[in-house]
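Here is a short tour of one protein model, written for someone new to reading structures. Have a look at the chain first, then follow along below.

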Amino acid sequence: MIPVPTELAVLTVPAFKDNYLWIIHDGAHAAVVDPGDAEPILAALQANGLTLTAILLTHHHADHIGGVTRLLEHSNVPVYGPRNDGIAVVNHPVGEGDRVQVPGLALELAVLDVPGHTKGHIAYVRKDTGAHWLFCGDTLFGGGCGRLFEGTPAQMMASLAKLAALPDDTLVYCAHEYTLSNLRFAEALEPGNRALQLRIAHDSQLRGTHLPTIPSTIAIEKATNPFLRTREPAIIGSLTAAGRLAPGADPVTVFAALREWKNVF
């Protein structure tokens, strides 16, 4: 019996120690985002009766692209990915302003350039009315952001500002379960943030029952994520009190100090 396509949904596929791979599907066809490992993707496709129709990549790191070659052995599908991130398997390079009509799905994704973690990192955004999704790889995390392996603080700050400008109800599908670690850092910076305290309690309960804290929303991130709150006096004060920031520093310097502290926190 041929599966009848239904409303679009996103499957969470855990991989490695703390990665999340994402399968977007309609009950019959599926696109996978950042398949660092093919085996859990193949198992999830089989278990849910899904046919792979596309692969979407955000950046070149191995835990995001490592399973692509094996998936292509099973299904000859298009591979979308960043135009400027040096990924050999990408045969549909995309960048800022492009739109991807995902094969097999009633789904169009807008592409954003979000350099910082890598120079060519991109994100995919679903902007349909009532269904706002963001697949942001390692740029924005629950309560945090990616390390600056290739880009600059100014680039990452601008990329995060671009994501923060998305609608508040946008679901944030990032690629790692780093949330509780990130929130401990956020609490050290902004202990009086009530929204942050509520999030810590909620997300701790989720992890206590082995449930993912992702997706969050843009609204939640703006209220609790220090990397989107670099102008907050409490955060600037904590950085200054710790000797990591001089008084009167500009926003990019604040962001750089924040990222450097998180690297060793």
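## Before we start

Helices (H or I, at least four residues) and strands (E, at least two) are DSSP runs, numbered from the N terminus. This is a predicted model, where local features need pLDDT of at least 70, side-chain atom pairs count only at pLDDT 80 or more, and totals for chains, interfaces and linings use all residues. Residues are numbered from 1 along each chain as its sequence is written, and side-chain values use heavy atoms, with hydrogens and water left out.

## The largest pocket

Helix 5 (179-189) and helix 9 (251-264) each give at least two residues to the lining of the largest pocket. Helix 9 has the largest share, with 3 residues. A pocket here is an open set of points on a 1 Å grid over the protein atoms alone, where a 1.4 Å probe fits, with protein on both sides within 12 Å along at least five of seven lines; lining residues have an atom within 4 Å of a point.

The volume of the largest pocket is about 280 Å³, counted as the space filled by probe spheres set on the points, which are joined across faces, edges and corners. Its lining has 17 residues, and the closest to the centre are Arg147, Tyr178, Asn182, Arg259 and Lys262.

## One face of helix 8

Which residues of helix 8 are buried? In this helix, residues 233-241, they are Ile235, Ser238 and Leu239. Buried means under 20% relative accessible area, exposed over 50%, and partly exposed in between (1.4 Å probe, protein chains only). Seen down the helix axis, these buried residues fall within an arc of 95°, so they line one face of helix 8. That arc is taken from the directions from the helix axis to the C-beta atoms.

Pro233 and Ala241, on the other side of helix 8, are exposed. The cover over the buried residues includes helix 5 and helix 9. Leucine 239 is in contact (heavy atoms within 4.5 Å) with Leu189, Arg244, Leu245, Val254, Ala257, Leu258 and Trp261, leaving aside neighbours within four places in sequence.

## A buried tyrosine

Now over to strand 2 (residues 19-25), where you'll find tyrosine 20. Tyrosine 20 counts as buried because its relative accessibility is 6%. Setting aside residues up to four places away in sequence, tyrosine 20 touches several others, including Val13, Cys174, His176, Arg207 and Ile214.
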